[in-house]
Amino acid sequence: MSKLVLTADQIYALAYILKAKYLDYYYMSLANRDDSNKLWLSEITKQLVAQGTLVEDFSGDTTIDPEVEAIIRPLYFGTKESSLDIDIFGENEENKGYRFHFLDDKVTMTKLVEDGFEVTDASPDDIQKIVSSILPASYSAESKKAYIKFDAEKVSRVFIVKNTEVNAKSTIATFVETDGVVYEEDTDDIVYSVSGDDFKDKLCKILTEA
C-alpha cells in the first residue's frame, strides 16, 4: 500500500487505537468527534475496518494492517514535523495543506484533499518537488529590500511554512504573493522580495530540517 485517505475523525480515532504518543492539534481541530457519544470510536472503527485500514478477526478483535501502520506511524510517534499551508485568493479560493511527520529515517506526508487527508510515504526529494512546483518557470524577482504595503485586494497567495519539535522552539515563516512577486517579512517587520531560488531554498530548509 503506497497511500490511503483518512478523514480527520479517522486520524483522531487511530490515535486512540495505536495509543499514540503525539498527535498534531491540527487534525483534532478538524475532527467532528462528539465526546458525549460513547459509540463514536466504535463507529469510526467500523469505517476503518470497511476500508481495510483495520483488520477484524472472527472474535471481533481489530488490529491495524501492517502496511498501513508502516505508513502512518510517524504521524503518531514522531517528535518532529513541518508544514506548508498555501492560501489561494481570488475567484477560486482554496487552501492547500501539507504536513510532514518525521520518525527516525522515515517521513509521512499528509496532503489536504476533498475527502480528508491523503497519507503517503515521503522523502526530501518529494518535498523539494512540491516546493519547486509552486512558482512558475517565468518567475524572475530578485531578493532585495522592498518598500511596499500590501493591498489585500491584490494578494493572490499566502504561504505559511513551519517546523516544530517537541520541547524545542518552532520556526515559522510567512510569504505573501502580490502582483506576481513573493515577499517575506523578517523579524523586524522589514519586507523583502524573494527570488525563485531563495524561495525554494528557504521552504525546503524549513520543511526538511524539522
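## Tyrosine 98 and its contacts

In this predicted model, tyrosine 98 touches Ser82, Ser83, Leu84, Met109, Thr110, Lys111 and Ile130, leaving out residues up to four places away in sequence. Tyrosine 98 sits in strand β5, which covers residues 94–103. Its relative accessibility is 11%, so tyrosine 98 counts as buried, the cut-off being under 20%.

Tyrosine 98 and valine 176 are 78 residues apart along the chain, and their C-alpha atoms are 18 Å apart.

## Arginine 99 and its two aspartates

The next residue considered in β5 is arginine 99. At 8% relative accessibility, arginine 99 counts as buried. Its side chain meets that of aspartate 85 in a salt bridge with an N to O distance of 3.1 Å. This pair links distant parts of the chain, with arginine 99 in strand β5 and aspartate 85 in strand β4, 14 residues apart. Aspartate 85 is buried, as is arginine 99.

Arginine 99 also forms a salt bridge with aspartate 24, at 3.8 Å from N to O. Here the two residues are 75 places apart: aspartate 24 belongs to the loop between α1 (8–17) and α2 (25–30), and arginine 99 to strand β5. Aspartate 24 has a relative accessible area of 17% and is therefore buried, since buried means under 20%. The whole structure holds 7 salt bridges.

## Helix α6

Helix α6 runs over residues 196–208 and has 13 residues. From its first C-alpha to its last it reaches 18 Å, close to the 18 Å expected at 1.5 Å a residue. Which residues of α6 are buried? They are Gly196, Phe199, Leu203, Cys204, Ile206 and Leu207. Seen down the helix axis, these buried residues fall within an arc of 165°, so they line one face of α6. An α-helix has 3.6 residues a turn, so residues three or four places apart point the same way.

On the other side of α6, Asp197, Asp201 and Lys205 are exposed. The buried residues of the helix are covered by elements including β4 (80–88), β5, α5 (124–132), β9 (155–165), β10 (171–178) and β11 (181–185). Strand β5, which holds tyrosine 98, is therefore one of the elements in that cover.

## From α6 to β11

What does glutamate 184 form with lysine 202? The two form a salt bridge, with the closest N and O atoms 2.7 Å apart. Glutamate 184 lies in strand β11 and lysine 202 in helix α6, so the pair ties together parts that are 18 residues apart in sequence. Glutamate 184 counts as buried, at 15% relative accessibility. Lysine 202 counts as partly exposed, at 37%.

β10 and β11 pair in the antiparallel sense over 4 bridges. Glutamate 184 of β11 is the bridge partner of phenylalanine 175. The hairpin of β10 and β11 has 2 residues between the strands, and in it aspartate 179 takes a positive phi near 50°.

β11 is also joined to strand β12 (residues 191–193) by 3 bridges, and these strands run antiparallel. In this pairing, the partner of glutamate 185 is valine 191 in β12.

## Isoleucine 148

Isoleucine 148 lies in the loop between β8 (144–145) and β9. Its relative accessible area is 29%, and it is partly exposed. Isoleucine 148 and glutamine 128 are 20 residues apart in sequence, and their C-alpha atoms are 29 Å apart in space.

## Glutamate 118

Glutamate 118 lies in strand β7, residues 116–122. Is glutamate 118 buried or exposed? At 18% relative accessibility, glutamate 118 counts as buried, because the cut-off is under 20%.

Setting aside neighbours within four places in sequence, glutamate 118 is in contact with Lys3, Leu4, Val5, Met109, Thr110, Lys111 and Val113. Met109, Thr110 and Lys111 are also among the residues that tyrosine 98 touches.

Terms used:
Residues are numbered from 1 along each chain as its sequence is written. This is a predicted model: local features need pLDDT of at least 70, side-chain atom pairs count only at pLDDT 80 or more; totals for chains, interfaces and linings use all residues. Side-chain values use heavy atoms; hydrogens and water are left out. Buried means under 20% relative accessible area, exposed over 50%, partly exposed in between (1.4 Å probe, protein chains only). Contact means heavy atoms within 4.5 Å. The expected span of a helix is 1.5 Å times one less than its number of residues. The arc is that of the directions from the helix axis to the C-beta atoms. A salt bridge is a side-chain nitrogen of Lys or Arg within 4 Å of a carboxyl oxygen of Asp or Glu. Two strands pair if DSSP finds at least two bridges between them.
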